[in-house]
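Open the model in your viewer and keep the selection tool handy. We will go through it stop by stop, with a note on what to select each time.

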Amino acid sequence: MNTVHIFDPAMCCSTGVCGVDVEQELITVAADVDWARRNGARIDRFNLAQQPTVFAEHPVVRGFLERSGHESLPLTLVEGQIALAGRYPTREEIARWTQVAASAQPAAV
């Protein structure tokens with residue numbers, strides 16, 4: 001199973017799903033990441049505002065930011081390689097990268 005890392009732009013909280021005016025895109029990706037994790041996927045998100053050191057210390061992410069700027073986030077890496085930039089992955093993309101069946105039901109908690 002591949003490891004997926006999503007590097008978010010600076011947000012007020014770890015998922016961006018806070019406050020009164022939450023973007024639907026952030027709600028969707030938070031739900032998709034949670035779904036993937038509950039089905040055994042190795043997937044992590046990093047927030048530029050809360051974890052800037054992770055961005056600075058990862059050579060692929062640092063190089064991407066030097067070339068494209070933080071305005072080009074979010075950035076998704078699969079096994080350390082750029083898989084997607086400028087938008088969040090869909091559930092189908094996450095499923096493909098992590099080998100979780102897109103139709104999988106969440107594991108019992």
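Start by selecting N47 and A49: the N47 side chain reaches the backbone nitrogen of A49 at 2.8 Å. Keep in mind throughout that this is a predicted model. N47 belongs to strand β2, which covers residues 42-47. Is N47 buried or exposed? With a relative accessible area of 1%, N47 is buried, because the cut-off for that label is under 20%.

Next, bring up two helices, α1 (residues 24-38) and α4 (residues 91-98). Their axes lie 10 Å apart, and the helices pack at an angle of about 30 degrees. Angles under 35 degrees count as roughly parallel, so that is the description that applies to α1 and α4. Turn the view and you can follow α1 as it passes α4 in a right-handed crossing. To see the contact itself, show the side chains of A31, D32, W35 and A36 on α1, together with R91, I94 and A95 on α4. Colour them by class and this contact of α1 with α4 shows 5 nonpolar and 2 charged residues, with no polar ones.

Now move to helix α3, residues 59-68. Which residues of α3 are buried? Select V61, G63, F64 and L65 to find them.

For the last stop, step just past the end of α3 to G69, where the backbone takes a positive phi of about 80 degrees.

Technical notes:
Residues are numbered from 1 along each chain as its sequence is written. This is a predicted model: local features need pLDDT of at least 70, side-chain atom pairs count only at pLDDT 80 or more; totals for chains, interfaces and linings use all residues. Side-chain values use heavy atoms; hydrogens and water are left out. Helices (H or I, at least four residues) and strands (E, at least two) are DSSP runs, numbered from the N terminus. Buried means under 20% relative accessible area, exposed over 50%, partly exposed in between (1.4 Å probe, protein chains only). A polar contact is a pair of N or O atoms within 3.5 Å; within protein, one must be able to donate a hydrogen and the other to accept it, and residues adjacent in sequence count only if both atoms are side-chain atoms. Axes are lines fitted to C-alpha atoms, for helices over the stretch in contact, and angles run from 0 to 180 degrees between N-to-C directions. Angles under 35 degrees count as roughly parallel, over 145 as roughly antiparallel, 65 to 115 as roughly perpendicular and the rest as oblique. A crossing is left-handed if the near helix is turned anticlockwise from the far one by less than a right angle, and right-handed if clockwise. Contact means heavy atoms within 4.5 Å. Ala, Val, Leu, Ile, Met, Phe, Trp, Tyr, Cys and Pro count as nonpolar, Asp, Glu, Lys and Arg as charged, and the others, Gly among them, as polar.
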